[in-house]
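Good morning, and thank you for joining. Please have the sequence and the coordinates open while I go through this chain.

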Amino acid sequence: MRKPLYLLASAISLMIISCFSLAGIISCIFKGPPQIKVEHHSELDLDKNWHLDEVFILMGIFLYVASLGSSSFVEEEQYIWHFLTSTLYLIFLIKTVQSILKESNSTLVHRSETKTFHKNNSSYLASYKLIPGQQDGCKLYTVLIVLVAGRILRAWYQGGINWVHFPDISKILNQSDSSIVKSLQTISVLAVVVLYSVSLMLLRTRRILIIGLWLSHLSCGLLVMLHIWKSQVDTSVPINNHSTTSIAQIFYVIASISVTCTFLLSPWIFPTHSKEAEPTSSSGSNPEKAHGLNHSVFLTGVTYTMFWCLLQLLLQQPINAVPVLLILLQIISSVIYFSLEKSLHRQWVQVVAMQFLGMTGHFGLGNTNSLASIDVAGAFIGISSYSTVLSGVLMFIITYGSPLLLYLGMVVHMSVKDSNDISTPQQWSSVLSRMIALPCLLPLLVNSIALTSYTIVLLLMRNHLFVWSVFSPKYLYVCAATVCTYAGVLVIAMTGAYTCAVLSFRTRNY
């Protein structure tokens, strides 16, 4: 059969042009005019040299692209993502230890100045920030939590396709008593509810919306636990009957209303500029200049993330409850770490690191590049009659639950970015560009590189023996990952744009 190679070559050329265009836009953002940059530059911002974590990310992306040409690497892609993520955070750990040692040496030299500073600011640090020793410990703990959780995820599903017979934690739980799995699910749901409650307490406000969100999240958690104990007899396959369908449908309604109300109302309930010292989030950013932007984005992002976790605990296989919780802990630890180490890593490194976590969690939930690993049973939870569209949407949510969870976590990461230089409404545009430019463009660039590279690989491998069993299913996953990336970027952009628009309107009226 004659193939229209010129059409394929034209399409690939357009994809390559789009990659270079995105790279050029991101480069222009880095080299943009001073008015769109953060006012207080750190030493890292002024340093134009490449650092170890930045070089490793570029080499890791190149390694991933090169691995797409091998059928064995495509079948066992999870090893690459586990290696890239764990090594990157190990580099973060090394840089953090070096930074702590450097700061401790400088503290010994300037001890008298440090004592004067603490004496004048003791109440501020005690109330709203960790003292330097606690900050150093928190930095180390957060990176260690990411590394330990990643190692557990790595052991949860030992092999992908070729080594699926290897023993792992999921196989042990499948062979164990169902009550153990149900207990783990219950603990995971309770942990998500507790983490959301702690996050709301960080805002230190008792507004009606906050209380209503806490009650709705608590009710959704109870619905998930009720669904767990009523539906699952086997540890691997959830059973869907009339009562459990009603429970899931109630969950969908409450969660949809709660998330929508948070998105629409959160920019209206916080003051645009706070006069008192209030903590904007767990970031420890300067509370004297904090305003409603940090509060509203933090509340919206945390609500996105926690309700999405409950949805995953409802839809995922029972043995995937603990991996969902581990991915959530990785998100929280990464956000806290990046908020405490603002001067140690550039923003694009932080965004790519969180995207790496999303891909690692994708394979940590048992997904592979084979169509046989798609969870079909969970796609019918809460559906009373067969619907191809609804089942397809639920199947997409289950399969790409981890990458979408990390994109939602980037909204929380946006709230810890510095935006203290807003004094006039004209500056909202620069704040908007700083908040959502890199979190939106970098995932698009990484996904564009993967899609373009694998399209070229598939064209070259069109006569390969495994083109239908290995390369074609992988291309379907790459296309679905593109849809996932655009969906996550759309949520980030809509949240940032709507929040800035509402607060800009309120600032002008004020």
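**Core, helix packing and confidence**

I begin with C309, which counts as buried because its relative accessibility is 0%; buried means under 20% relative accessible area, exposed over 50%, and partly exposed in between, with a 1.4 Å probe and protein chains only. C220 is likewise buried, at 0% relative accessibility. By the rule that a disulfide is a pair of cysteine sulfur atoms within 2.5 Å, the count comes to zero disulfides.

What we are viewing is a predicted model, in which local features need pLDDT of at least 70 and side-chain atom pairs count only at pLDDT 80 or more, while totals for chains, interfaces and linings use all residues. Residues are numbered from 1 along each chain as its sequence is written, and side-chain values use heavy atoms, with hydrogens and water left out.

Let me turn to the interior. A nonpolar core is a set of buried Ala, Val, Leu, Ile, Met, Phe, Trp, Tyr and Cys residues joined through side-chain atoms within 4.5 Å. The largest one here has 126 residues, and within it F251 and L299 touch the most other members. Helix α13, residues 292–315, contributes the most to this core, namely 15 residues; helices are DSSP runs of H or I of at least four residues, numbered from the N terminus. Setting aside residues up to four places away in sequence, F251 touches C220, L223, V224, F307, L310, L311 and L314, where contact means heavy atoms within 4.5 Å.

How do α11 and α13 pack? Helix α11, residues 208–231, meets α13 at an angle of about 10°, with the axes 9 Å apart. The pair is therefore roughly parallel, a term for angles under 35 degrees. On the α11 side the contact includes C220 and V224, and on the α13 side L299, F307, L310 and L314 are among the residues involved.

Next, M395 in helix α16, residues 388–399. At 25% relative accessibility, M395 counts as partly exposed. Apart from neighbours within four places in sequence, M395 is in contact with I374, D375, V376 and A379.

Finally, confidence. pLDDT is the predictor's confidence in each residue, from 0 to 100; the protein chain averages 81, and 81% of the residues score at least 70. The mean is lowest in helix α7, residues 122–128, at 35, and highest in helix α14, residues 321–340, at 93. Over residues 33–41 the pLDDT is below 50, and this stretch has 14 contacts in the model beyond near neighbours in sequence. Where pLDDT is low, the predicted coordinates should not be read in detail.

Key: Helix = DSSP H or I, 4+ residues; strand = E, 2+ residues; numbered from the N terminus. Axes fitted to C-alpha atoms, helices over the stretch in contact; angles between N-to-C directions. Parallel < 35°, antiparallel > 145°, perpendicular 65-115°, else oblique.
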